Amino acid sequence: MVDNSGRAVGVRDVAALAGVSRQTVSRVLNEHPDVADATRERVEKAMGELGYRMNNAARALGTRRSRTLGILASDALQFGPSRSIAAIEASARAAGYWVSAAFADADDGTSVAAAVDHLVAQGVEGILVVAPHARTLRMLDTMTVGVPIVTLHSAGHDARGVGVDQAAGARLAVGALADAGHTRIAHLAGPADWLEAESRAEGFAAELAARGLNPLITVVGDWTARAGFEAAHALRDAGATAVFAANDQMALGLIGALHAAGVEVPGEISVVGFDDLPEAAYAWPRLTTVRQDFDELARRAVAAVIAGGAAASAESIMPELVVRDSIAVPRA
């Protein structure tokens, strides 16, 4: 905000209008407890009338607190990470913080280090890492950051992490297929370098083993609908009557390919996805999937980083099976 002369409104202008000293205005801005309520209200009213906005950099110099959290992200275009970033911003705002984001190439350790350095230079009070690759975590382990770090989407592979129990979600999906009577269950897996894909594959195998079933085939995709579409031929040739896809995008691509080939879903092949994309409820058939609570994940992560990074003891969030129309009993 500027005054009529074009000069930026400052602390002295607020002090003059409120009839207090500049030191008192500074105490109000820095949330000092030793300010009378009536005085605080008068200062805040003057700030509102003048359109004064606190400079976070100036606040950080005075209080060593920026009220800003950093987000380090890679692969932010994927649904899970992008949904988490939006939820983190909302949770941080609700807790009285802003966020500053930096994006890194997970394949480039220098890029990860540069992103961390950038965030620290902004004066962030902690960093939330939305980077679901083991190599990103290994790079962080080599760095002395100086602020708390909490990781998301690390699938239980990092002591600093909070997350959804990915293996449990996979077991829910496979269990639903087995409960319908399927014994020839295939897995359309996510990329091998993603920790969540690894955990979902482990859950797939564990649930089959618990039921005395053998895995039929695993086809590795790249999270995209195209990968699901292209996997259809191999899954059909293997004789699968059911497929657990590691995410909804691949599941929807698979269903599209099966329809194009004249294969009924779920009449001939049942399909379950993971994530509960908004589109999943409007596919044909409507997709049975595993829902992750990204809002709760973000809330826990923000609380943990504000508390100093104490995330190791946090219990994983349990996912939820959302039953729709893409499962049926296998044909005789």
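Modeller: The largest share of the lining of the largest cavity, 3 residues, comes from α5. The model is a predicted one, in which local features need pLDDT of at least 70 and side-chain atom pairs pLDDT 80 or more, whereas totals for chains, interfaces and linings use all residues. Numbering runs from 1 along each chain as its sequence is written, and side-chain values rest on heavy atoms, without hydrogens and water.

Colleague: How many cavities of 30 Å³ or more does the rule give?

Modeller: Rolling a probe the size of a water molecule over the atoms shows where empty space is left. Here the count is 2 cavities of 30 Å³ or more. A cavity is a set of points, on a 1 Å grid over the protein atoms alone, where a 1.4 Å probe fits but cannot get out; lining residues have an atom within 4 Å of a point. The volume is the space filled by probe spheres set on the points, joined across faces, edges and corners.

Colleague: What is the volume of the largest cavity, and which residues are closest to its centre?

Modeller: The largest cavity has a volume of about 120 Å³. It is lined by 14 residues, and G80, P81, E196, R200 and D275 are the closest to its centre. Two elements, α5 (79-94) and α9 (195-210), each give two or more residues to this lining. Helices are DSSP runs of H or I with at least four residues, strands are runs of E with at least two, and both are numbered from the N terminus; the chain has 12 helices and 11 strands.

Colleague: How does the lining of the largest cavity divide by residue class?

Modeller: It holds 5 nonpolar, 6 polar and 3 charged residues. Nonpolar covers Ala, Val, Leu, Ile, Met, Phe, Trp, Tyr, Cys and Pro; charged covers Asp, Glu, Lys and Arg; the others, Gly among them, are polar.

Colleague: What lines the second largest cavity?

Modeller: This space of about 40 Å³ is lined by 10 residues, with H153, G163, V164, Q166 and E196 nearest its centre. By class, its lining has 4 nonpolar, 5 polar and 1 charged residues.

Colleague: Where is R211 found, and which residues does R211 touch?

Modeller: R211 is found in the loop between α9 and β7 (218-220). Its relative accessible area of 36% makes R211 partly exposed (buried is under 20%, exposed over 50%, partly exposed in between, with a 1.4 Å probe and protein chains only). R211 touches G175, A178 and D179, leaving aside residues up to four places away in sequence; contact means heavy atoms within 4.5 Å. The C-alpha atoms of R211 and A168 are separated by 15 Å, and these residues are 43 residues apart along the chain.

Colleague: What share of the whole chain is buried?

Modeller: Of the 332 residues in the chain, 51% are buried. The C-alpha trace spans about 85 × 40 × 35 Å along its principal axes.

Conventions. 1 Å grid on protein atoms, 1.4 Å probe; cavity = no way out; pocket = protein on both sides within 12 Å on 5 of 7 lines; lining within 4 Å.
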